[in-house]
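Let's take a friendly walk through a protein model.

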Amino acid sequence: LWTARAALERALGDSAAAKTSLKNALALDRKNSAALTETIEIALAEKNFPAALEAAQNFISVAPASSTAKLLLARVHIESGNSAAARQILETLDSRDPSVATLRDSIAASESTDVAGIEKQLVNNPKNAALLGRLC
């Protein structure tokens, strides 16, 4: 219930209330993957990388085999500028998974200096912040 409430509060733009609801959800069940995911998403949206990293590491500690947890940890590393750590995590996952491919593309885009190549990638993904940032 608390997790659903947090998702609704986040959708309505009230991240403070969402964080409180998520704390309540995690107090009841520290292994609540939906609550951990929401916590990470809010921290990433706020560019609070230390909080996102802490939540992602908590998720990994309670669900070490979870590909979702590993993907979120990789995302945290990518968005905080640690491509090497993200790449290392992605190497442990199924390369055929579309989410893995997307994150690998994000890493490549964040490291690319080829303007023509970046523009080609933007055709398929025009809202990719990493790609847009590389053009600036």
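What follows covers salt bridges, a pocket, a helix and a loop residue.

This is a predicted model, in which local features need pLDDT of at least 70 and side-chain atom pairs count only at pLDDT 80 or more, while totals for chains, interfaces and linings use all residues. Residues are numbered from 1 along each chain as its sequence is written, and side-chain values use heavy atoms, with hydrogens and water left out.

## Charged pairs

Side chains of opposite charge can pair when their charged atoms come close. Searching the whole structure turns up seven salt bridges; the term stands for a side-chain nitrogen of Lys or Arg within 4 Å of a carboxyl oxygen of Asp or Glu. Here are three of them.

| Salt bridge | N to O distance |
|---|---|
| Lys-19 and Glu-46 | 3.0 Å |
| Arg-75 and Glu-41 | 2.7 Å |
| Arg-104 and Glu-91 | 3.6 Å |

Where do Lys-19 and Glu-46 sit in the chain? Lys-19 belongs to helix H2 (residues 15-28), whereas Glu-46 is in the loop between helix H3 (33-45) and H4, so this pair links distant parts of the chain, 27 residues apart. Helices here are DSSP runs (H or I, at least four residues), numbered from the N terminus. Lys-19 is partly exposed at 34% relative accessibility, and Glu-46 is partly exposed at 36%. To read those words, note that buried means under 20% relative accessible area, exposed over 50%, and partly exposed in between (1.4 Å probe, protein chains only).

Arg-75 is in helix H5 and Glu-41 in helix H3, so their pairing ties together parts that are 34 residues apart in sequence. Arg-75 counts as partly exposed at 22%, but Glu-41 counts as buried at 18%.

Arg-104 pairs with Glu-91. Since Arg-104 lies in helix H7 (residues 98-111) and Glu-91 in the loop between helix H6 (83-90) and H7, the pair ties together parts 13 residues apart in sequence. Arg-104 is partly exposed, at 28%, while Glu-91 is exposed, at 53%. Salt bridges with shared partners also join Glu-41, Arg-75 and Glu-79 into one network.

## The largest pocket

The largest pocket has a volume of about 280 Å³. Its lining has 14 residues, and Lys-19, Lys-23, Thr-39, Ala-51 and Ala-55 lie nearest its centre. H2, H3 and H4 are the elements that give two or more residues to this lining. A pocket is an open set of points on a 1 Å grid over the protein atoms alone, where a 1.4 Å probe fits, with protein on both sides within 12 Å along at least five of seven lines; lining residues have an atom within 4 Å of a point.

How many residues does H7 have? H7 has 14 residues and reaches 20 Å from its first C-alpha to its last, close to the 20 Å expected at 1.5 Å a residue. The expected span is 1.5 Å times one less than the number of residues. Buried residues in H7 include Val-100, Leu-103 and Ile-107. At the start of H7, a side-chain oxygen of Asp-97 comes to within 2.7 Å of the backbone nitrogen of Ser-99.

Ser-66 is in the loop between helix H4 (49-62) and helix H5 (67-79). Is Ser-66 buried or exposed? Ser-66 is buried, at 18% relative accessible area. A polar atom of the Ser-66 side chain lies 3.3 Å from the backbone nitrogen of Thr-68.

Key
A polar contact is a pair of N or O atoms within 3.5 Å; within protein, one must be able to donate a hydrogen and the other to accept it, and residues adjacent in sequence count only if both atoms are side-chain atoms. Grid points are joined across faces, edges and corners, and a volume is the space filled by probe spheres set on the points.
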